[in-house]
Amino acid sequence: MPRINELPLWLRGVLFAYPWRRIDPVPLARLRKPLRECRVALVTTAGLVSPGEEPFDNDIRGGDASYRVIRADAPLALLEEHHRSESFDHAGIERDRNLALPLDRLRELVAGGLIGEVAPRHLSFMGSITAPGRLVRDTAPPAAALLEADGVDVALLFPV
Amino acid sequence: MTLLREITEKVHPPRALSVPWPLGFPLGAPDDAPLQRKVLLQLLALLPREDVPVLEEFVP
């Protein structure tokens, strides 16, 4: 795990200035059924986009707060990575999308009976959103509603 | 899960697993299915926890 003081100076500056929001009170969502019966969705901030879909817009000031739906049967290797940040090495995700959206691993857990189902739709956001107001106000509520409409019991978030 | 434990300690999400890898490698390594599976299993193991906020370290 990188310590903040080991990151490049410019990135330390970004992290220092970012308006982190402390969640208070911390909400408790109880697991309402055994994991082997749960429908699980993945949420990534790797900026992944399905082939033919509109890429994220790197020119939006404050960051592109939109999201893309990744269908459960999406061709994982063909997902395009559009994350704009130079703060990390993109080679790992380019080689194996499971590194940020572990759909293959999720399918294996279903096959092994550890979880119930892979959700029909998964979500991909762009990270590096320096002005998070639009994300919190406009984007997150419909994204959560989409998962709820799909009967998702568990969402796992993978920032990059 | 989180790659930056210090940030997660500030934000207080209900449940998080801190992993030891560089930015860009949230599940450890490309093409390493056993390692990726281990991360998922440790994430899922946090779900029954109700003593939120929970911030656990990945155990190799």
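Here is a friendly set of questions and answers about this predicted model.

Reader: Let's start with chain B. How many helices and strands does it have?

Author: Read along the sequence, the elements of chain B follow the pattern α-β-α-β. The tally for chain B is therefore 2 helices and 2 strands.

Reader: What radius of gyration does chain B have, and what would a compact globule with 60 residues have?

Author: The C-alpha trace of chain B spans about 35 × 25 × 15 Å along its principal axes. For 60 residues, a compact globule would have a radius of gyration near 10 Å. The value for chain B agrees with that, because its radius of gyration is 11 Å.

Reader: What share of the residues in chain B is buried?

Author: A residue counts as buried when its relative accessible area is under 20%. Of the 60 residues in chain B, those that are buried make up 50%.

Reader: Now to the backbone. Which residues of chain A does a cis peptide bond join?

Author: The proline of this pair is found in the loop between α1 (9-17) and β1 (39-44) of chain A. Omega of the bond is about 0 degrees. The two residues joined are Asp24(A) and Pro25(A).

Reader: And in chain B, which residues does a cis peptide bond join?

Author: Look in the loop between α2 (33-44) and β2 (54-57) of chain B, where Pro53(B) has its place. Here too omega is about 0 degrees. The bond joins Val52(B) and Pro53(B).

Reader: Is Ser128(A) buried or exposed, or does it fall in between?

Author: Ser128(A) sits in the loop between β6 (121-125) and α4 (133-149) of chain A. Its phi is positive, about 55 degrees, although Ser128(A) is not a glycine. Buried would need under 20% and exposed over 50%. Ser128(A) has 31% relative accessibility, so it counts as partly exposed.

Reader: What is phi of Asp31(B)?

Author: Asp31(B) lies in the loop between β1 (15-18) and α2 of chain B. With a relative accessible area of 47%, Asp31(B) is partly exposed. Asp31(B) is a residue other than glycine, yet its phi is positive, near 60 degrees.

Reader: Let's turn to charges. How many salt bridges does a search of the whole structure find?

Author: One of them is the pair Arg49(B) and Glu56(B), with the closest N and O atoms 3.0 Å apart. Over all chains, the search finds 13 salt bridges.

Reader: How many residues apart are Glu117(A) and Arg39(A)?

Author: The side chains of Glu117(A) and Arg39(A) meet in a salt bridge, at 3.1 Å from N to O. This pair links distant parts of the chain: Glu117(A) is in strand β5 and Arg39(A) in strand β1 of chain A, and they are 78 residues apart.

Reader: Why does Arg137(A) count as exposed, while Asp138(A) is partly exposed?

Author: Arg137(A) and Asp138(A) form a salt bridge, with the closest N and O atoms 3.2 Å apart. The relative accessible area of Asp138(A) is 43%, so this residue is partly exposed. Exposed means over 50%. Arg137(A) counts as exposed because its relative accessibility is 54%.

Reader: Which residues form a negative surface patch?

Author: Take Glu53(A), found in the loop between β2 (48-49) and β3 (67-71) of chain A. Residues in a patch need over 30% relative accessible area. The negative patch is formed by Glu53(A), Glu54(A), Asp57(A) and Asp59(A).

Reader: One last question: how far apart in space are Ala119(A) and Ile4(A)?

Author: Ala119(A) is found in the loop between β5 (117-118) and β6 of chain A. At 0% relative accessibility, Ala119(A) counts as buried. Ala119(A) and Ile4(A) are 115 residues apart in sequence, and their C-alpha to C-alpha distance is 34 Å.

Notes:
Residues are numbered from 1 along each chain as its sequence is written. Chains are lettered from A and ligands numbered from 1 in the order in which they are written. This is a predicted model: local features need pLDDT of at least 70, side-chain atom pairs count only at pLDDT 80 or more; totals for chains, interfaces and linings use all residues. Side-chain values use heavy atoms; hydrogens and water are left out. Patches are made of residues with over 30% relative accessible area and no salt bridge: like charges are joined within 9 Å, nonpolar side chains (Val, Leu, Ile, Met, Phe, Trp, Tyr) within 5 Å. Accessible areas come from the Shrake-Rupley method with a 1.4 Å probe; for residues, only the protein chains shown count as cover. A salt bridge is a side-chain nitrogen of Lys or Arg within 4 Å of a carboxyl oxygen of Asp or Glu. Lys and Arg count as positive and Asp and Glu as negative; His and the chain ends are not counted. The place of a charge is taken as NZ of Lys, CZ of Arg, CG of Asp or CD of Glu. Helices (H or I, at least four residues) and strands (E, at least two) are DSSP runs, numbered from the N terminus. The radius of gyration is taken over C-alpha atoms; the globule rule is 2.2 Å times the number of residues to the power 0.38. Buried means under 20% relative accessible area, exposed over 50%, partly exposed in between (1.4 Å probe, protein chains only).
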